[in-house]
Amino acid sequence: MRISTKLIIWFFISAVSLSALMGYSSFNKNRQLVLDRYKHDLVKTVDILAARLLQGMERVESDLTVLSHLSSLTGHTTPHSSAPEKTRREGGLDDLAIVFRDFVESHPEYLDISFIEFANYGKELVRVNRTSDGIETVTPERLKEKGHVPYVYKARILGANEFYYSNVNLRQESSSVIEANNPTMKVSVPVFNGADIAVGVITIGLALNKLFEQLELGAGDDTDLYLAGPEGDMLIHPDVSKTFGLDRGHRFVIGLEYPELSSFIKTNSKSIVIGGGYGESNEIAAFSKVFIGTNNKAIPYIMGLRLPVSSLLPITTQIRTATLEIVFAFVIVSFFASIMLSRLLTSPINKVITAIRKNADVEQSKALLPLDRHDEVGVLAQTYLTMRQRIDEQIASLKQSETDLHNALDSIPSMVVIVEREEGALLFANKKSEDLLLAAPDSISFTLLRENRDAESGETLLQELQTKGELTGIEVFLPKVNGKDIWVLLSAIQVNYKSNKAILMSCSDITEKKENESRITQLAFYDPLTGLANRRLLIDRLKQMISVARRQNKFGAIIFMDLDRFKFLNDSAGHQLGDELLIQAAGRIKAALRDMDTAARLGGDEFVVVMDCNCSSLEIAANEAFNVASRIRDALNEPYELTGTIHYCSASMGVTIYPDEDLQVNDYIQQADTAMYLAKDGGGNTINFFEPGMKKSASARLELEKELRKAVAGLEFELYYQAQVDVDGKAVSAEALIRWNHPVKGLVSPLEFIPAAEETGLIVPIGEWVLKQACVQMRDWLDAGMPLSHVSVNVSNKQFWQPNFVTVVKTALQEAKLLPQMLMIELTEGIFVQDFDDVVEKMSELKILGVAISVDDFGTGYSSLSYLKKLPLSQLKIDKSFVRDIALDASDAVIVETIIAMAKNLDLHVIAEGVETEAQRVFLLSRGCGSYQGYYFSRPLPGDEFFKCWYGQCQ
């Protein structure tokens, strides 16, 4: 198509579009002016209707004012006792009923009028109702007490000339004349007597539909009237089914039809106009707020009118017709103008085109182009000549850029190779590709793509590239390149290079990055001390093995082990030697395993071994697990050389078999842990298999721990006291013994809960409580006149090792106002095998303070004569295990005699516990033991009973 034809079409289309746009804009502006005028008129009409509604409500207020000032009202508000006065009262009420009937007859919108006095619970005195048969005066027996309804008790607090308006309701106690879809309202005013005291209330029940009929008469034939209550409930609506009424199963609020009114109700705006704008709906609606009520108690209602835009069609049709006539005339003129303008413009341009076609180079163009013209054609010719010169310059520049690009690719640190797509012939390679691979580019150009494959699909990278069109960020391992293994990050894309279909590959050396990732993996999944797998890697591998075992119906085993008495080594020799032992133990465990098994360190001295699931039955798996566990146990029992010293260490082991039922990974570890704890409880250095009963035992242990924590928080403990007597049987001191008063089980023996308290650390707060309570009890006994020398309190090793133990003792004594000499602390022999110097230091502090120290259960632990010489002790207590058979077993007798003799030589007081027979007491007395404790003298008793039992003997 010639350019002249294109110009004609373009000019014509532009002119038609412009005229249509102008016509459309003019039509809409005129249409909008008409709509704006009608919106203004609608707002004024709504205001007029609102004023009519307010006038109607003012008439109601006026009638109420007249009725409230009737002289006959104030004389009939309080009943009198005399018969004549009662007669006058009833006669006055009859006159009042006649007045009420006249008002109801003359006002069709009145449903009822009643007078209610505030006395007698708001008793109605007179009520006149409108019924379907006429007007009736309600008989006295039908009158009701109304003190509970809002229009009575709320009107009571109003002042003179103040009115109460109720909400619009479905039922308002009105007469049966109320029909469906006809809401009602109560308006009331207080009645004052001569002393300006409110004595009653006059109320009128309004049938709002009668009041609204007058509004609809002034709304116009083309408009629809709306009236909504304070909450948006429809009172007047063009569709009767959407109005407020008894036969509606739900509310219909005006916000459903006009969402803009939902926010308008909540604002202080007086009016709003909806619709009527450019491109909006085919209707105009105006709404205003009407406040019905007195002063600040006025209730806002919403009144509105809707006008269909279709009623304005005659006016807008005239505007549209005039606009179309103007547009059509402009289109005809534009057509002929387009033809003339096209011919004027294209003639010189065609000459330039002809000249350009004949020219092959710049010099010929200068001779033939009309460069001497000073109009647009001359500019076009000059522009062509300039463009031709720039193209020649750019071609030369591109050639130089290609050379520079090759030099830049040679200098970048990545390998860049371009190869032919089908045969792999080298098209370009930068210098880095030769340095990196130490080979000629011809021999490695396709190596990366042809020989590296996707592990899952088996597809080569070359096939993946041909499918996807590009590869990005592929990590490729190249073994033995330039004498070492390297990793490269490969990206490749299909390109066209010098008219060849080619592949551009870019590779970066990421060997150092991969080595760093390997180190990070080592830190994330392996224990830094022993090099074994950590908990995270153990869980991951165990999940895999359990999954494989269930899928292949095979069995494996888990061995959970804990080094025996490792904490003693750590505490006594230091953490450095402890770490050395852990490293050696980890090496022995790993050496005792098979290649397919996994060893892990969970933390501290806990190790776990997961045996591969290659056993066909539970029995085979159990036997295999026992063999492996035995090898590990034997290896761990070998002596350890730790920084020039020899140390021996064993391990307690628990074994469980997987898979079993639908258990989770942590459940299996917990089973093995439970079995290990039972092995440790059995003395250690043993192998114990998990059995279902263990789970119950572990659950019982956990439940005991949970209940024990509640007991500590709720102070469910109490102290019993057992007398310590002299040779005459007189109580000279008492030992405090703790009892757990369980809310369900009753008294629980310390033998049941003290081990759990020791294991969980709860023994520390329990021990502090016992210490304070014993001191307080001793203070009470002394104040009551009971002359005991001291009270003995057992202290656990864990409590004694607390850094603030001496401070806790001082605080307990100060709070009880007790002298230190009246407290004796009993420690077991196990305390001496730890940091002996620290033990001596703490005992010395207590000795200086004045607190006595006794060695409890002497003879059953680790004491030696060297310890006894260095420790600031006051007393030795002979364990009851020696006293029990003292009269029958010669060995026990010799041990007791030795302890008594040794105590005398060391100037220590000695006491025997567990004395239950006269023969035992006589034997001990004959050997020089002067203090006794046991059931022979008294069982442990609560503090009050202890006082009652021993007070006389003490005196």
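What share of the 955 residues in the protein chain is buried? Buried residues, meaning those under 20% relative accessible area, whereas exposed ones are over 50% and partly exposed ones in between (1.4 Å probe, protein chains only), make up 45% of the chain. The model is a predicted one, in which local features need pLDDT of at least 70 and side-chain atom pairs count only at pLDDT 80 or more, while totals for chains, interfaces and linings use all residues. Residues are numbered from 1 along each chain as its sequence is written, and side-chain values use heavy atoms, with hydrogens and water left out.

The protein chain has 31 helices and 33 strands, which are DSSP runs numbered from the N terminus (helices H or I, at least four residues; strands E, at least two). Of the contacts in the chain with a separation of 6 or more, 61% are between residues 24 or more positions apart, where contact means heavy atoms within 4.5 Å. The accessible surface comes to about 49,800 Å², and 54% of that surface belongs to carbon and sulfur atoms; such areas come from the Shrake-Rupley method with a 1.4 Å probe, and for residues only the protein chains shown count as cover.

Leu67 is placed in helix α1, which covers residues 3–68, and it counts as buried because its relative accessibility is 0%. Leaving aside neighbours within four places in sequence, Leu67 is in contact with Leu73, Val99, Phe100, Phe103, Ile113 and Ile202. From Leu67 to Phe103 there are 36 residues in sequence and 9.5 Å in space, C-alpha to C-alpha.

Asp856 belongs to strand β29, residues 852–858, and is buried because its relative accessible area is 7%. With neighbours within four places in sequence again left aside, Asp856 is in contact with Asn794, Glu826, Leu827, Thr828, Glu829, Lys877 and Glu913. Asp856 and Asp879 are 23 residues apart in sequence, and their C-alpha atoms are 7.2 Å apart in space.

A pair of helices can be considered next. Two packed helices are described by the angle between their axes and the distance between the axes. Helix α25 (residues 805–816) packs with helix α26 (residues 836–849) at an angle of about 20°, and their axes are 10 Å apart; the axes are lines fitted to C-alpha atoms, for helices over the stretch in contact, and angles run from 0 to 180 degrees between N-to-C directions. The helices α25 and α26 are therefore roughly parallel to each other, a description that applies to angles under 35 degrees, with those over 145 roughly antiparallel, 65 to 115 roughly perpendicular and the rest oblique. On the side of α25, Phe805, Val806, Val809, Lys810 and Leu813 meet Lys842, Glu845, Leu846 and Leu849 of α26.

Most residues other than glycine have a negative phi, and most peptide bonds are trans. A cis peptide bond, with omega about -5°, joins Tyr658 and Pro659, and Pro659 is in the loop between β22 (651–658) and α20 (665–681). Asp196, in the loop between β5 (184–192) and β6 (198–207), has a positive phi near 60°, and it is exposed because its relative accessible area is 64%. Arg565 likewise has a positive phi of about 60° although it is not a glycine; this residue lies in the loop between β17 (555–563) and α17 (566–573) and counts as exposed at 55% relative accessibility.
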